[in-house]
Amino acid sequence: MRRTLPIAVVTGMGLFMLVQYFIPLEEFETLYEWVLDWTMVIGCFAMLLGLYSLTTMMVTKVKRKAPGWGYSLVALAGLFFMVFVGVVPHYQDSLKYGTLFMDLFEYIYIPIQAAMFSLLAFYIASAAYRAFRARTILATILLLSAIIIMLRLVPLGPLSGINQWLVNFILTVPNMAAKRAFWLGVGLGATATALKIMLGIERGYMGRD
Amino acid sequence: MSGEVVGLWIGGILTLGIFSFIYKDNPFYKFSEALFVGVSAGYWFVVTFWQYFLPKLIDNLVLAYTVLTVEGKIDYHWVYLLGGGLGILMLLRLFPSVGWLSRWSLAFIVGTTAGLQFTRYLESNGIIQVKGTILSLFVWGDLNSTIGNIVIVVGTFCGLIYFFFSKEHKGAFGGAARVGVWFLMITFGALFGYTVMSRMSLLIGRMDFLFGNWLGLIK
Amino acid sequence: MKDKDSHWTRVLSLFLFVFVSLFLGMQTCLAQEAEQAEALQDSLAQPPAPPTNVVAKDAPNDNGHALLVIWTLSADDGAGQNNVVSYQILRSDSPDGEFEVRGLVPAGENTYKDKGAKEKEDANYLPPHKDFYYKVRVRSDGIFSDSEVSLPAHAYGQWYHTGKTAVLLAVLIFSTFALVFITVARKGKKLYIRPLAGIEAVDEAIGRATEMGKPILYILGLGSADMIATIASFTILSRVAKKTAEYQTPILIPCCDPIVMAVAQETVRAAYLEAGRPDDYKQENIYYLTSMQFAYVAGVNGIMIREKPATNFYLGKFYAESLLLAETGSLAGSIQISGTDEIAQIPFFVAATDYTLIGEELYAASAYLGREPVLLGTLKGQDWAKALVMIFLILGALAATFHFQFFLNLFKVQL
Amino acid sequence: MNFYERMMSLDRRWVYLVIGVVVVMTAIYPFRVPLYITPEARSVYDFVESLTPGEVLMIGVDYAPEVMAELHPMSYAITRQCFSKDIKLLLCCLHQNGPGMVEQVVAQVAEEYGKVNGTDYVYLGYKPYPGITILAMGQNFRIPFPEDYYGTPLDSLPMMRTITNFDNVKAIINISGGSGTEYWINYANGRYNAKLAIGVTGVMTADYYPFLQSGQIFGLIGGMKGASEYEYLAEKGGYISKEKDQLVASKSMPIQTTTHIVIILFIVIGNVGYFMTKGKK
């Protein structure tokens with residue numbers, strides 16, 4: 001009951017989704033839409049679970065006065081203040097521009113997010129420096145290809161045309177071939193994983209008691 | 001000082017807080033990080049609440065209830081109770097004794113995903129990719145395309161050989177697999193090289209924000 | 001002051017009244033003029049020849065709320081003096097009832113799909129199993145002529161989408177391969193699989209963490225539970241967690257989706273139970289952080305710098321954050337094993353982590369780690385499917401070279 | 001520890017510092033970068049150039065503020081070029097965080113050229129589900145967008161009188177920072193045969209090159225470099241000028257160039273160090 005039924009649910013839902021793909025009938029379409037809506041509803045309840053998980057973790061840290069507990073307090077404050085101003089005073093309007101909720105989002109979240117994202121500029125340079133060593137033929141191919149592509153931004157005089165031709169060639173030919181092979185492989189692997197899940201062969205993710 | 005200026009200062013200071021991480025972890029970063037995590041989790045919760053929970057569950061149930069009271073009919077919107085029920089099962093995870101019930105909801109989601117992606121991947125990553133690789137190996141009067149097409153077909157073929165798991169990569173087979181990896185490496189290099197520009201754009205954007213919008217040092 | 005106000009209001013309203021009446025009067029005049037002009041033109045110009053053979057039938061491969069109208073183009077379409085501009089499609093529920101305009105297509109088109117809504121309350125609702133009549137109106141600069149009314153037709157839903165046969169065949173072939181090799185594997189035939197460096201490093205990486213007495217960090221990626229890469233990551237987590245249970249090394253899993261968190265908890269709990277150490281399982285080590293991409297990364301980076309895990313796994317769906325995570329992890333001195341099916345992130349994982357599972361290797365990893373015959377069987381089935389794809393590639397290229405169009409049509413998928 | 005060994009174990013913070021300094025220094029002392037204009041960016045420009053006054057061009061602007069740095073300059077340059085040539089614009093936005101931003105661009109440029117909403121340009125606004133929306137627009141713009149962004153019914157806009165679907169626009173340029181581009185290619189071009197060009201972020205460029213080869217798109221503006229190429233052409237054409245601060249992408253091109261050179265140098269130095277120390281071991 002605890003384990004067999006969930007696996008049956010997995011198989012059943014999997015088969016239904018598989019079959020409905022081929023059946024355009026209205027009844028199946030409606031059922032399909034419901035199923036997607038239900039997964040969203042489950043996601044909403046799960047969100048409560050997530051919030052509970054995050055809060056207990058932070059609260060425990062604060063209670064135990066674990067190192068850095070003060071920061072947990074900051075996170076908790078940010079979390080609950082957002083939830084408060086987002087849910088309590090306004091009706092759905094809190095997602096519109098100009099509310100305190102959106103202001104907080106815009107002036108706190110957006111700049112930090114953009115700053116975090118832009119750290120990648122530093123990291124990409126350091127990754128290139130440390131990792132792009134011509135240790136093997138494969139590594140050499142990788143770094144040469146990267147350099148050719150990067151050179152397209154560097155004024156090379158008459159060589160620019162040749163470089164541009166190379167860039168075009170790399171992007172339209174080997175790039176295409178490798179991506180096709182990659183995607184085909186991913187397609188087969190993903191399909192196999194889906195099949196294993198549906199057949200209940202792979203069930204480690206579903207408790208054992 | 002207007003609200004916008006305050007916002008600008010907060011944004012500027014927090015940006016510096018994040019940037020300080022590249023030197024080393026420090027209280028300033030820890031503060032920005034904690035605030036970031038908290039605010040974003042709160043934001044996501046509120047968005048989930050207004051954009052999914054209310055319209056997908058509550059609105060439908062309210063509609064069902066209204067139809068029931070006004071017209072006395074049982075309307076199809078009641079099926080959303082099932083979704084709500086599965087959601088409540090999720091919450092039972094908070095109680096260890098009945099927590100296993102939440103597996104039904106998890107099974108529902110995992111099963112749906114598996115079934116949905118099964119055909120989706122076969123179609124978009126299987127059939128459509130094969131179709132895209134069906135190229136003419138000889139294009140009359142166009143040497144560029146002829147060579148390009150041949151290389152694409154050969155490259156895709158060898159790339160697939162690389163992904164063979166149940167055959168040893170030896171001899172001619174191993175050689176082909178090696179060619180396949182070369183193709184992959186060229187692509188990875190190209191992707192890396194191409195991304196540099198976008199990442200630098202982000203940094204330039206932030207520098208603009210710091211020195212331009214915030215401090216007003218550059219125009 | 002107040003008097004003055006009301007005075008102004010009166011003047012203003014009077015003004016407005018005059019203005020509005022003038023405007024309305026002019027509009028009527030103009031309209032009449034236009035009508036006259038049209039009537040004049042009508043008498044001068046010949047209407048275009050009407051479309052013929054208007055046939056209405058159920059639109060194929062749908063949910064039963066659409067009809068297909070097909071006609072033979074007007075004789076004046078593309079030729080003659082009356083240049084046809086467009087066709088209007090009109091519908092009625094009786095042959096001599098009132099016809100309403102349903103759609104417009106430009107000259108040269110001879111089909112129209114009259115698609116209605118399926119909800120009864122929608123204004124555009126098109127009921128199934130109800131007869132409708134169509135006529136097609138051909139238009140040319142203000143003048144038009146109508147076709148004969150079509151025979152009745154009704155919409156109905158189909159049980160099978162004929163445009164998806166290629167996918168159905170693929171499903172059947174793939175499943176057959178997988179099932180055949182699962183059976184073969186069950187019978188105990190030993191199947192060879194080639195070594196993968198990333199997989200062989202897993203044991204070593206867990207062992208290292210145990211020696212150092214430090215935790216292992218497992219990142220399931222940014223995907224939610226509706227992505228197959230995330231599910232593949234669960235299957236790998238199941239094996240990894242079993243090993244950490246055996247080695248008694250703590251495993252930290254910050255998640256960016258609450259459902260993913262719940263599944264991860266179930267997975268790890270099961271793995272600890274299987275390893276015979278249910279008491280070592282700590283639910284608080286598998287927690288939700290936040291769902292927003294960079295906030296999640298900021299949090300995980302903090303964990304990496306402060307907890308200094310000995311080993312980091314990044315397996316699942318990753319986007320731009322891949323390098324942020326991997327660089328911070330390498331800065332913290334952890335051994336890193338990564339894998340994703342997002343091709344754009346592979347170069348960064350290759351550059352900044354120690355081992356990378358590329359694309360399909362991510363999906364194969366659980367079979368590699370588990371070594372159960374059934375899983376190895378599906379791997380073998382996967383390879384056979386791959387061989388078939390390669391045969392198709394060669395045949396397809398030959399067919400394209402020698403212009404065998406039929407082969408291309410095999411891969412046609414209609415949505 | 002000799003020089004090369006020290007170089008090999010260089011603290012990564014030096015790398016960060018160099019990048020930061022290079023960015024700031026180039027920003028303070030900019031220089032003009034000689035540009036190689038790629039044919040795929042030129043073909044977009046030439047196409048817009050070939051349009052005659054009164055013809056309609058559609059621009060699908062699908063990006064969020066995150067990628068503004070790369071894509072905004074394209075939107076501005078194309079809009080300015082069109083308006084100064086009296087080409088009518090039809091715009092829509094299929095990215096949920098973009099509609100306000102697009103409004104800003106078009107309203108600002110329209111004001112610069114004295115263009116009137118509804119007569120010289122129409123902004124349709126935002127609709128979710130790009131795939132479905134594009135398919136529906138192929139039938140009739142009025143299906144997904146009965147009203148424009150400002151709530152006016154499309155039928156009462158003078159410009160829309162002669163416009164039903166993609167057949168009535170000369171071409172579509174999709175400026176995008178996400179997966180929406182695939183729908184434009186598959187549906188607008190694939191299904192409805194609309195002439196299509198795209199402007200995408202640098203990261204995405206590699207993915208969309210093959211579509212250029214296959215002729216599904218007639219032009220491609222790739223990332224900040226593509227944007228600056230376009231600005232260069234538009235400046236030569238006299239549509240935008242440096243004095244009015246209208247060359248935004250071009251302004252950061254020197255920084256792009258120097259940082260790219262620095263990264264290439266880093267790779268070279270790293271490899272020199274690697275080979276020098278390898279011999280010793």
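Let's start with a crossing of two helices. This is a predicted model. In it, α4(A) passes α7(C) in a left-handed crossing. α4(A) covers residues 100-131 of chain A, and α7(C) covers residues 321-331 of chain C. Their axes lie 9 Å apart, at an angle of about 55°. Angles from 65 to 115 degrees would count as roughly perpendicular, and those under 35 as roughly parallel. The two helices are therefore oblique to each other.

Which residues of α7(C) meet α4(A)? They are L323(C), L324(C), E327(C), T328(C) and S330(C).

Next, the nonpolar cores. The largest one has 308 residues. Which residues have the most contacts inside it? L90(D) and W184(D). The largest share of this core comes from helix α6 of chain B, residues 171-214, with 21 residues.

Setting aside neighbours within four places in sequence, what is W184(D) in contact with? The partners include M58(D), C92(D), L94(D), F166(D) and L196(D). Also among them are G60(D), D62(D), N174(D) and N189(D).

Now back to helix α6 of chain B. F188(B) is found there. Is F188(B) buried or exposed? Its relative accessibility is 0%, so F188(B) counts as buried. Its contacts, beyond neighbours within four places in sequence, are L142(A), I343(C), I346(C), P347(C) and I358(C). Look at the chain letters there: A and C. F188(B) and K56(B) are 132 residues apart along the chain, and 42 Å separates their C-alpha atoms.

On to chain D as a whole. How many helices and strands does chain D have? There are 10 helices and 6 strands. The C-alpha trace spans about 80 × 40 × 30 Å along its principal axes. Chain D has 281 residues, and 57% of them are buried. Now take the contacts in chain D with a separation of 6 or more. Of these, 73% join residues 24 or more positions apart.

First, Y4(D), in helix α1, residues 3-8. Y4(D) has 27% relative accessibility, so it counts as partly exposed. Not counting residues up to four places away in sequence, Y4(D) touches V272(D), G273(D), M276(D) and T277(D). Now find K127(D). Y4(D) and K127(D) are 123 residues apart in sequence and 58 Å apart in space, C-alpha to C-alpha.

Second, T133(D). Its place is in helix α6 of chain D, residues 130-139. T133(D) is buried, with a relative accessible area of 4%. Beyond residues up to four places away in sequence, T133(D) touches K127(D), along with L94(D), P128(D), P144(D) and F145(D). L94(D) is also a contact of W184(D).

Third, helix α8 of chain D, residues 202-213. Buried residues here include G202(D), M204(D), Y208(D), Y209(D), P210(D) and L212(D). What follows α8(D)? G215(D) does, and its phi is positive, near 80°.

That's my tour. Over to you for questions.

Conventions: Residues numbered from 1 in each chain as written. Chains lettered and ligands numbered in written order. Predicted model: local features only at pLDDT ≥ 70, side-chain atom pairs only at ≥ 80, totals over all residues. Heavy atoms only, no water. Axes fitted to C-alpha atoms, helices over the stretch in contact; angles between N-to-C directions. Helix = DSSP H or I, 4+ residues; strand = E, 2+ residues; numbered from the N terminus. Parallel < 35°, antiparallel > 145°, perpendicular 65-115°, else oblique. Left-handed = near helix turned anticlockwise from the far one by under 90°. Contact = heavy atoms within 4.5 Å. Core = buried A, V, L, I, M, F, W, Y, C linked by side-chain atoms within 4.5 Å. Buried < 20%, exposed > 50% of the residue type's maximum accessible area, 1.4 Å probe, protein only.
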